[in-house]
Amino acid sequence: MTPLPSKTARTAPPDADSHDADSHDPRSPAPDDPQAPHAPHSPAPDGPATTHASHAAAGATAATRPVLSVRDVRIGHPAGDREIVHGVSFDLTPGKALGIVGESGSGKTLTCRAALGILPPPFEVTAGTVEIDGTPIAELTPRQWTELRGTTISAVFQDPASYLNPSLRVGAQIAEVLRVKKGLTRREARARSVELLRSVRLRDPELVHGQYPYELSGGMLQRVLIAAAIAAGPRILIADEATTALDVTVQAEILDLLEDLRERTGLALVVVSHDLAVVAQLCDEVLVMRGGEVVEQGPTSQVLHNPQHPYTRLLIAEHEQYGLDRFLAPEEAA
Amino acid sequence: MVRRVLSLTSGRIAVAVLAVIALLALFGPLLAPQDPLATSESTLAPVSGAHWLGTDYLGRDVLSRLLDGSRVSVLGALEVALTALVVGAVPGILSVCLGRAFEWFTLRLADTLVALPFLLFAVAVIALLGNGLTQAMLVTGVLVSPLFYRVARAAGLSVARSPYVEAALISGASIGWIVRRHVWAKVLPPLAVALAQTIGVGFVIVSSLTFLGIGVQPPAPTWGGLLASDLGYLSHRPWAPLAPAVLIMATVWAANLLADAVRDVSGEAGRALVDGRRARAHRPGPAGPAPLGGAS
Amino acid sequence: MTTTEAQAGPALRRGVVAARTRHTLGRVLVTLTRSVAIFVPVFLVATFVTFALRSLSGLSPARIQLGEDATPEAVARIEAEWGLDRPFLVQYGDWFSGVLHGQLGTSWTNGADISTLIGLGLGVSLSVATFALVIGVVTGFALGAVAGLRRTTWVDRAITGFVTVISVMPAFVVGIVLVAVFAVGLGLFPSAGYVPAEQGFGPWLAHITLPAIALSFDVVADVARQLRSGLVAAYRENYVTGAVVRGLSPRRIFFGHVLRNALGPTLATLGLKFPSLVGASVVTEWIFGLQGFGRFANDAAQAGDVPAVQGVLVVSIVLVVSFNLIVNLVLARVTPAAQRGV
């Protein structure tokens, strides 16, 4: 059993390596695939440098005022004193990406839903504050919420098929957002929604525009859902396990698309995933959650290279143990 | 399952009401204080000590007629339900096991029966076959049998296509064991729900037919017939239809309540009924309803 | 990821749009064909069975016209007159070709043309049935929608309770109660009879209101229940969350998204409801003294007038199928193919 020592030997230095490998591992399985032109390119440049910049600038000037600010948010049953999320805090400035990692049931989805104001009924924010663009959400009326959603904060989820109305054509669902939120006419909305479909890199936007959700594949649906989410030009996009159910190549393309949107439009991203690789590829800052507790929080590179909490270390180790690099490594060595 | 139904309040109420009705049917004719056919001088009499519910236009005691008529109505409803169960459920289950030809044929037949206005058809067929309650109930039973066909078929399909049956087969369980362990558990609850519902439906049909004077010879009392004879004398005794109407409604309500209670306690399996009924509604759904919807 | 046609490029786009129009047209055609395909066996089986039953029952026009103590010769003469001495299949074939030409034959009891007799009654019955459907759909819709929107509140429980109560009331019980209260007791409506709409809208409406309400209870209960459960189920779906997150207003989500999806099962139930509405008209027309289709069916059946009974069945099947056709066409518009499992 030689892998054991070799693995431990690799743990410390190749963490940098692992970040690197993680980020392009989705693409690397198919180097011969012509659809993966980014294969050699690694998104490492957006890693440490911007993170440091963001932290240096955080809260300093009005320009980088956090667009989403979560302060010690606790979520639980208001009646029974069962608390599910025990205090989460983070700031998100425009153009930045925050990753939340954790196993299922760790409270990461509830945290996001709290920020969107769509906590499932028994749950409530029991303490702490969430501010969207400077407005505390506790003070929002239902009407104000409706106004805020779509234009300031929006979200995409896992299982995109279920988040689109099955009996409406997908184009109509995007156009609806444009007509309601932007006041476009029917014709303008149609043109703009085709444009949006093109901007999320769907091949034939005109065709997709007139199709029903059941006629599209999972990857296409996630693009449509993203197009609908960004239709009204929100400043924050929450991607809750948005790539989980997709196969690896599609996942890479969607992540690439999100990255592109962030760079182009200054969108602030919250990326929720159980997969460290997804977060590592996209985010400046990472929050590791377990059992409703934030166990580790910090710049991505720091968390990945120098994990403090045993759980984070476990996540990284598991990734190495079961990830693709375990199989690739011996080959490289050989 | 009986115990679980009885653990629900609604189940207890339903069973209690149905038990009272069943007792009426069994002993009602014996309990009747007077001869239900005996006419008297005091016609259309109001409620009194001698006639608890008054008398009708021929001076016959209404309470006696009500008690005497209960047996016909209840037996009729049971006949409908049992006929429908046998005629519907057997081909329903067979349609899953036997070949495609049988499946196609029975599906078409079920579609046909559903499309018929059954009260109208029952009236027509009974008139042609002669005026007898048993014929009437058998015909009605056949006409409502598609419900059982669909329910049994949906349940059968969901069992036949379920991974756990496959898994049991692979792990070497005998067919008999699988039927006992899995098939019954899946098929029986929805059939029980359908049976309870059909008793309610059958009761309405029996009452409607007897109301029209179909299925019984004139002097013999029935709940529906009582209502019909009350109709002509509403200006004299406007409250007269109350007793038979309440009895009919209570029975139907109790039958529906029982159906709901059975469905509630049988959980997942009970939902096969809902799926089965909605199959015609072309709803999307897992395994069970899809083939039904596609075929209708 | 992308479908093969997606790679076709913009050149073919016009073709695709044209194909979509054709596709919609095709769907309507498929719906029509399917309804007719169900209708044909229904029709054949039902008419064949009634024909066979006549042979089995030994009913004959001779008995009706001559009474029980007619001589065998006289009976044979009359049966020959009606063509009943011919082979069974020849009779059936003859009758069937007549039906295809709109001829339902002549009545055994009075020799009148059955198509004419049924046509007379149909006006009454359709007035009542249509009005009952309108009442049923409007009321059921309102109750179901309110219960669905206010689910798990006392409003919901009250409506559900009310719906349960009216669902167990058979049409003839409701009819009698209505007559007792509104016609005999309060004298607000006429208790029986019918006035055609040409002789005044008011009297016409007054005469059909009570029977229509009696018939509508079943429809109200079914529509309300189905719509409520449809709405409750639809509100649990993720696409509602999706619409909320996109910033659509609750009103827009209800009308544009939830209602659309809850409507399908409700409409389908309505299609299934129609046969029982036709059936119940036999009883309500009896109560309200309407000389309609249902009354004609009852009288013909009780008199043993076989051609009339057969005519009634043919017409009722045509009614049921046409109604289902309308429902299916509406369904095809409201929900796309995938939802209907096509």
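Two residues are counted as in contact if their C-beta atoms, placed from the backbone, lie within 7 Å. Among contacts in chain B between residues at least 6 apart in sequence, 72% join residues at least 24 apart. This is a predicted model, in which local features need pLDDT of at least 70 and side-chain atom pairs count only at pLDDT 80 or more, while totals for chains, interfaces and linings use all residues. Residues are numbered from 1 along each chain as its sequence is written, and chains are lettered from A and ligands numbered from 1 in the order in which they are written.

Chain B has 12 helices and zero strands, where helices (H or I, at least four residues) and strands (E, at least two) are DSSP runs numbered from the N terminus. Of its 296 residues, 55% are buried, meaning that 20 or more other C-beta atoms lie within 10 Å of the residue's own, with C-beta atoms placed from the backbone. The table concerns pLDDT, the predictor's confidence in each residue, from 0 to 100.

| Part of chain B | pLDDT |
|---|---|
| Helix H3 (residues 62-97) of chain B | mean 83, the highest among the elements |
| Helix H12 (residues 289-295) of chain B | mean 30, the lowest among the elements |
| Residues 269-296 of chain B | under 50 |

In chain A, an open sheet of four strands has antiparallel pairing and the order S2-S1-S4-S5, two strands being paired if DSSP finds at least two bridges between them. Strand S2 (83-92) and strand S5 (135-136) of chain A each have a single partner strand, so one side of each is left without a neighbour in the sheet.

Conventions:
Buried ≥ 20, exposed ≤ 12 C-beta atoms within 10 Å, placed from the backbone.
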